Amino acid sequence: MIILIAIIVVWLLIVGGAFIKVGSDLHNDANAPATPDYNKTGWDFHEELKQRAKWNAYTEDGGDKKRGKYWLSGKDPYLIIEKEVSGGKISGIDIPYENISSYNPYKYEHGVNKNIIGTTLAGGIIAGPIGGIIGAIMGSGQNNLIDSLGVIVTTKDGERYDLNMITGPYKPDRDDIYIKKYAKILRRLDEIVNGRIN
C-alpha cells in the first residue's frame with residue numbers, strides 16, 4: 001500500500017511539474033515582444049530566437065545533442081539549428097523561412113541502401129492529412145527497422161542542412177511519437193517552401 005501511495009505521489013509531482021512548465025512557457029510566450037531584438041547579433045540573437053521558439057506551442061522540434069537539435073519556430077519565421085563542432089563547442093545557425101528553397105525527406109531501412117520515401121511523399125500526400133504522411137512513412141519498404149530518418153533542407157544559396165529525426169537501428173511503434181513529429185516537420189516545411197508560411 002505504501003508503495004502504491006509513493007508511486008501516485010511521484011506521478012502527481014511529475015504531472016504537476018509538466019503543467020507548471022507548460023504554463024510558464026505559455027506565459028513567457030505571451031509576454032515576449034512581437035519580434036526578436038534585431039539589434040542583437042551572433043550568438044545572442046541565436047539564443048533569443050531559440051528561447052522564443054522553445055516557449056511557443058506551435059514550434060516543431062527534433063534531433064538531439066549528438067546529431068544536432070533544430071526548431072522550426074512557431075513564433076518567428078526561422079529554422080534554428082544547433083550542432084556540436086570540434087572541441088565540444090556548439091554552433092548556431094538561424095535560417096529565415098524565406099531563404100529555404102526546398103526539402104528532401106529520407107528514410108533508410110536496415111539492409112536497404114537507398115532512400116525509400118523520397119518519391120513516396122511527393123505531391124499531395126504532404127499537403128493532405130497528417131495520417132497520410134505517417135502511413136507513407138510507416139508503410140514504405142518491406143523492413144520497418146529504420147537506420148536513418150530525416151530531411152535535407154536546402155537554402156536559396158545552395159547550403160544543405162540535415163535535420164535528422166532518427167538514427168537506428170530503430171523499430172517504430174504503431175503510434176510512434178518520433179514518426180508523428182517527423183510528419184509535422186514535413187508538413188511545416190511544405191508550408192514554408194510553398195509560400196503558406198513566410
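Tutor: Let us begin with the overall inventory: the protein contains five helices and seven strands. Please keep in mind that this is a predicted model. Along the sequence, the elements follow the pattern α-α-β-β-β-β-β-α-α-β-β-α. The protein has 198 residues, of which 36% count as buried.

Four strands make up an open sheet, in the order 1-2-3-4, with antiparallel pairing. Strand 1 and strand 4 are its edges; each has a single partner strand, so one side of each has no neighbour in the sheet. From one strand to the next, the twist averages 10 degrees.

Strand 1 covers residues 60-64 and strand 2 covers residues 68-72; the two run antiparallel and are joined by five bridges. Three residues lie between strand 1 and strand 2, and the two strands form a hairpin.

Is Ile90 buried, exposed or partly exposed? Its relative accessibility is 37%, so Ile90 counts as partly exposed, given that buried means under 20% and exposed means over 50%. Leaving aside residues up to four places away in sequence, Ile90 touches Trp43, Glu82, Lys83 and Glu84. Ile90 is also 9.6 Å from Lys65, C-alpha to C-alpha, while the two are 25 residues apart in sequence.

Two helices lie across the sheet strands. Helix 2, residues 42-55, lies across strand 2, strand 3 (78-84) and strand 4, and it runs at about 115 degrees to strand 3. Helix 5, residues 177-193, lies across strand 1 and strand 2, running at about 120 degrees to strand 1.

Finally, the part may be set against the whole chain. Among contacts between residues at least 6 apart in sequence, 55% join residues at least 24 apart. The protein exposes about 11500 Å², and carbon and sulfur atoms supply 57% of that area.

Technical notes:
Residues are numbered from 1 along each chain as its sequence is written. This is a predicted model: local features need pLDDT of at least 70, side-chain atom pairs count only at pLDDT 80 or more; totals for chains, interfaces and linings use all residues. Side-chain values use heavy atoms; hydrogens and water are left out. Two strands pair if DSSP finds at least two bridges between them. Buried means under 20% relative accessible area, exposed over 50%, partly exposed in between (1.4 Å probe, protein chains only). Contact means heavy atoms within 4.5 Å. Accessible areas come from the Shrake-Rupley method with a 1.4 Å probe; for residues, only the protein chains shown count as cover. Axes are lines fitted to C-alpha atoms, for helices over the stretch in contact, and angles run from 0 to 180 degrees between N-to-C directions.
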